[in-house]
Amino acid sequence: MVGRAAPPGLSGPRIKPIGEITRGTTGINRLRRSDRRLVHDEVVRARLREAADPLVVDLGYGASPVTTLELAARLRGVRPDIRVVGLEIDPDRVVPGRDGVVFARGGFELAGLRPILVRAFNVLRQYPESAVPQAWSTILSGLAPGGLLVDGTCDELGRRCAWVLLDRSGPRSLTLAWDPFTVERPSDIAERLPKALIHRNIPGERIHTLLTAADRAWSHAAPLAPYGPRVRWREAAKMLREQGFPVRDYRRRLRDCVLSVPWETVAPAR
């Protein structure tokens with residue numbers, strides 16, 4: 001199947017891309033943990049289903065479009081007529097459309113498109129923390145009404161993953177997701193926190209308080225280790241909620257260990 005016609009905006013006057021070329025590192029299934037949460041997130045599902053134009057942009061997909069194609073395939077389970085555009089600021093990485101996905105050159109300005117959802121993974125990692133607010137503002141200003149932005153980071157194999165969900169009012173939540181069998185404790189995800197938080201894992205900051213409490217709950221749940229890390233983490237998350245942390249309670253069984261909290265729980269102190 002060839003790529004669809006370019007969405008409105010790509011065919012008009014060329015807009016100068018905003019941003020810097022990333023390293024381009026990518027790989028098959030690298031973003032599977034965030035994809036799994038996106039397709040089951042009530043807010044994301046509702047916005048996609050209600051959108052007059054179900055346009056999704058994968059910003060900065062890297063040297064290979066494989067994760068963009070995977071995102072499109074997974075989101076079609078939410079809405080079959082979803083339209084996905086992969087944007088890369090490096091013109092050498094722009095490839096012909098395939099499997100119903102269009103690829104084009106673009107950056108934080110979104111090439112003039114007005115998507116309902118933007119995924120930007122491992123894009124802001126190379127930027128200074130001071131550049132994050134402006135990058136967020138530029139992307140959010142280009143969203144369709146009710147649009148969402150997912151700004152995240154993960155390791156090379158996708159075993160440790162963290163992302164912020166934002167709308168035009170700002171950050172809504174932080175989610176950490178990790179492989180139950182290769183991560184020893186929750187705070188190991190700290191090295192993959194989004195740029196807005198990665199330098200904040202220090203005493204006095206909310207993210208440090210949360211991760212310290214998560215490690216302590218994980219340790220207290222050690223008697224459940226023989227039943228597997230997923231059972232142990234469910235108990236640890238329950239302990240966190242009992243301590244007053246607004247950790248989201250996932251009723252369905254999950255493949256991953258997941259820790260999701262409102263942004264106010266981890267927002268930088270200044």
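Where does Ala111 lie, in terms of the strands β3 and β4? Ala111 sits in the loop that links β3 (101-105) to β4 (117-121). Keep in mind that this is a predicted model.

## Two residues with positive phi

Let's stay with Ala111 for a moment. Its phi is near 55 degrees, which is a positive value in a residue other than glycine. Is Ala111 buried or exposed? With a relative accessibility of 7%, Ala111 counts as buried because the cut-off for that label is under 20%.

Phi of Asn122 is positive, at about 60 degrees, although Asn122 is not a glycine. You'll find Asn122 in the loop between β4 and α4 (132-141). The relative accessible area of Asn122 is 18%, so Asn122 is buried too, given that buried means under 20%.

## How α1 meets α2

Two packed helices are described by the angle between their axes and the distance between the axes. Here, helix α1 covers residues 32-40 and helix α2 covers residues 42-50. The two pack at an angle of about 65 degrees, and their axes are 5 Å apart.

Which residues make the contact? On the α1 side they are Leu38, Val39 and His40, while α2 brings in Glu42, Val44 and Arg45. Sorted by class, the contact of α1 with α2 has 3 nonpolar residues, 1 polar and 2 charged.

## The largest pocket

Now for the open spaces. The largest pocket has a volume of about 350 Å³. It is lined by 20 residues, and the closest to its centre are Asp41, Glu42, Arg248, Tyr250 and Ser260.

How many cavities of 30 Å³ or more does a search of the whole structure find? The search turns up 2 of them. The largest cavity has a volume of about 80 Å³.

This cavity is lined by 13 residues, and those nearest its centre are Glu20, Leu59, Gly60, Ile89 and Val123. By class, the lining of the largest cavity has 6 nonpolar, 5 polar and 2 charged residues.

How values were computed:
Residues numbered from 1 in each chain as written. Predicted model: local features only at pLDDT ≥ 70, side-chain atom pairs only at ≥ 80, totals over all residues. Heavy atoms only, no water. 1 Å grid on protein atoms, 1.4 Å probe; cavity = no way out; pocket = protein on both sides within 12 Å on 5 of 7 lines; lining within 4 Å. Points joined across faces, edges and corners; volume = space filled by probe spheres on them. Nonpolar A, V, L, I, M, F, W, Y, C, P; charged D, E, K, R; others polar. Helix = DSSP H or I, 4+ residues; strand = E, 2+ residues; numbered from the N terminus. Buried < 20%, exposed > 50% of the residue type's maximum accessible area, 1.4 Å probe, protein only. Axes fitted to C-alpha atoms, helices over the stretch in contact; angles between N-to-C directions. Contact = heavy atoms within 4.5 Å.
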